[in-house]
Amino acid sequence: MPLSKRRVARSTGHGDRAKDKQEQLEAFTAGTTHVLTTSQGVQIPDNHNSLKAGARGPNLSEDFILREKITHFAHERIPERAVNARGCAAHGYFEVYRSMVQYTSAAFLQDPDIETPVFVRFSTLAGARGSADTVRDVRGFAVKFYTPEGNYDLVGNNMPVFFIQDAIKFPDLIHALKPEPHHDMPQAASAHDTFWDFASLMPETTHMLMWTMSDRALPRSLRMMEGFGVHAFRFVNARGSSCFVKFHWKPKLGVHGLAWDEAQKIAGKDPDFHRRDLWDAIESGNFPEWELGVQIVDAGKEDELGFDILDPTKLIPEAQVPVQIIGKLVLNRNPDNFFAETEQVAFHPGHLVPGIDFSNDPLLQGRLLAYTDAQLSRLGGANFHEIPINRSVCPMHNFQRDGMHRQTISKGRAAYEPNTLGNGMEFRVDGAAQGFQSHAEPMASPKIRGRSPSFDDHFSQATLFWSSQSAAEKEHIVAAFRFELCKVEVPEIRQRVVDNLAHVDLKLAARVAAPLGIQAPDPKAAAGRLGFREFRIPRKVDEDPSLRMTNQPGGSVKTRKIAILVADGVEAATVRRIQKDLSEAGAVCKILSSHLGTVSTSGGRQLVVEHTFATMPSVMFDAVLIPGGAPSAAALCGLGEAVHFVLEAYKHCKTICAVNEGAQLLGTLGFSHGKNPDLVAMPTPGVIIAESRKVLDGQVTQDFQAAIAQHRHWERLHIDAIPA
Ligand code: HDE
């Protein structure tokens, strides 16, 4: 794997140059060997037979080789994370584009020539470790920066807001969301009574519900989703001046979602869809990239935002405070071992470095309690910072000692400070100006168990999100609410949800309510029932284009997957031309047929088939090419799985290109083809019907690429009528 050629962040001070993270991990990495030994290093003579009293006799308890092997096996599992259990991760680096010295003293944000090693773990929130990747859910986006001043963790999500405002509600939220406790169903899904019961009684969830019911909850790829720090944090510069900062990760490949029907089918066909996609992209050298953006709000200016910056159910609209792009994250190496790295990595929003500090966001403050506890119970003791993936690359000195699984052999007799016996004053605390300085925010308020009235507006940003969506995205949100609520058995819960939604937008609520067998939505009933104030802070912006996923600039075919459907008699020249053009543009083309092996082309050659329709259905691809060749087209038209492939791709609004006779396969959709006047003409976005001579002069691939770069053609009509 290419090692970065540039300078890697290394430790400063103490004369103890730390290795970069990869070198550090290599010191703990073992390959396989042909000589088997016990864990004590004793060679094993026979790994197939246990020790017995005679060939047919009982086992002997002195068989320490058997006992060690079985005992270790019985202890191989650790508790999964209470939330965000399903995850995958990768190594990479971060580099800042320009010094941020004006705002923060954080060393890794100063020098554009320095690459800081990172380990990034993506996850779903609700599902268990073995659940499917493409469920409707928020995604975790946790980044560990191994900086020269210690580890900094930015433990965020792919949505900029959260369900609740105060940490004290987190266990309630998660208990409602997780499978119901009496029968442990459903897995990794919010579409059940307890979740919507809770949500309908907590109007502060409304803004986040709009996000989770949108296509943001169905990323096409982890490489194509944004990340957010969610809370306001503080930057603090060397002079001690502080400003608020919100963090954003912007994917270079754009932000794209799956169709809901597609996501559900993928969950069955390939539950590892997202982790496989990430792994394959990195293995093939298509390193995923994100840019780091910050929204900076000067101290004292936060009151001008129009909402409380400490409220984690609010975002700062980009139309109000633009995002400044300050650096780049590249993931360029897959882990060597899932358990050792991805499972044992321990994130904590309290892993800070000098120059970055917390805000008083009550959700963030509550998180600070939780993460160490989570690691203690998952990783079995207080020394989890010594696990290789969690070690800092800078030296670490303190007098914490001993405990389960301690690795470090600490020399000397003094395990306290101050001391004169531990090598003189080696462990003395340096002057007060060094090390992590908490921002000296003045505090003078009475203790109160309560919430600021500035947190009371639960709907205006939900309305902002709704108003900012394209027509197609609005359709998807309505359909998602309907899907979830049709699964809710208790009608009163369905009613409460739509009554709440009426505070977001009456038309939205009415459309959601239509198939639910309940009364028309009534905003007054919601307010009366829950006793919330019908309170809205006037918004400074009514729409924010950055909140929608469609119509964003910069789409590309890079790493997009294109299926080429073939049978005997396929016309190969167009296949080769389109394959070449698309591959040069960075797309991945695969030849599919009903069987593996080869098909014969119209020119009498053999074309290698890479996948079958059964093992790689259309939901695994972004676009479809149906080449010409009369025998091939006729064979595909007579093959149910090929016809279904095309119908399903059409239903999921994917780009389809049919050449010459290949267009016959579109017959069931009602398209016309020049040579077949019986078919009904119905031009539709993202469907290209072409003649082979135009393919060979390059025009078709240009159109095909432009259509694929649009991701999906959500505006396509009549898709509900497609039986796929
Ligand atoms: Fe977490 N969260 N969380 N969370 N969270 C955990 O920590 C918790 C919250 C997030 O890939 C746990 O090590 C509380 C917001 C991510 O390893 C646990 C509260 C955001 C991950 C925990 C929150 C997150 C976690 C489970 C409310 C987005 C996965 C195991 C006060 C900004 C990290 C663990 C990884 C994991 C607690 C709310 C993000 C139990 C109490 C808001 C990405 O400690």
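Modeller: A residue is called buried if 20 or more other C-beta atoms lie within 10 Å of its own. Please keep in mind, as we apply this, that the structure above is a predicted model.

Biologist: Taking Ala-90 as a case, is the residue buried or exposed, and in which strand is Ala-90 found?

Modeller: Ala-90 belongs to strand β2, which covers residues 87-96, and Ala-90 counts as buried because 25 C-beta neighbours lie inside 10 Å.

Biologist: Which residues does Ala-90 touch, if I set aside those up to four places away in sequence?

Modeller: With those set aside, Ala-90 touches Val-120, Leu-278, Ile-282, Leu-331, Arg-333, Asn-334 and Pro-335. For one of these, Pro-335, the C-alpha atom is separated from that of Ala-90 by 5.8 Å, although the two residues are 245 residues apart along the chain.

Biologist: How should I read a nonpolar core, and which residues touch the most other members here?

Modeller: In soluble globular proteins, nonpolar side chains tend to be buried together. In this model the largest nonpolar core has 171 residues, and Ile-564, Leu-565, Val-624 and Val-646 are the ones that touch the most other members; strand β2 gives the most to this core, with six residues. Leaving aside neighbours within four places in sequence, Leu-565 is in contact with Leu-592, Val-624, Ile-626, Leu-636, Ala-642 and Phe-645.

Biologist: What is the order of the strands in the open sheet of six strands?

Modeller: The order is β16-β13-β12-β17-β18-β19, with parallel pairing, and the edge strands, which pair on one side only, are β16 (611-612) and β19 (687-690). Within this sheet, β17 (residues 623-626) runs parallel to β18 (residues 655-659) and is joined to β18 by four bridges, with Ala-623 standing opposite Thr-655 in β18. Helix α15 (residues 572-584) packs on the sheet, where the helix touches β12, β13, β17 and β18, and the direction of α15 makes about 150 degrees with that of β13.

Biologist: Turning to the ligand, which residues come nearest, and which element gives the largest share of the shell?

Modeller: Of the 24 residues around the ligand, Arg-81, Asn-84, Gly-140, Ala-167 and Ala-374 come nearest. The elements that give two or more residues to this shell are β3 (114-124), β4 (139-147), β5 (150-157) and α9 (362-379), and the largest share, seven residues, comes from α9.

Biologist: How many residues of the shell around the ligand are nonpolar, polar and charged?

Modeller: The shell around the ligand divides into 13 nonpolar, eight polar and three charged residues.

Key:
Residues are numbered from 1 along each chain as its sequence is written. This is a predicted model: local features need pLDDT of at least 70, side-chain atom pairs count only at pLDDT 80 or more; totals for chains, interfaces and linings use all residues. A residue is near a molecule or strand if its C-beta atom, placed from the backbone, lies within 6 Å of it. Ala, Val, Leu, Ile, Met, Phe, Trp, Tyr, Cys and Pro count as nonpolar, Asp, Glu, Lys and Arg as charged, and the others, Gly among them, as polar. A residue is buried if 20 or more other C-beta atoms lie within 10 Å of its own, exposed if 12 or fewer, and partly exposed in between; C-beta atoms are placed from the backbone. Two residues are in contact if their C-beta atoms, placed from the backbone, lie within 7 Å. Two strands pair if DSSP finds at least two bridges between them. Axes are lines fitted to C-alpha atoms, for helices over the stretch in contact, and angles run from 0 to 180 degrees between N-to-C directions. A nonpolar core is a set of buried Ala, Val, Leu, Ile, Met, Phe, Trp, Tyr and Cys residues joined through C-beta atoms within 7 Å.
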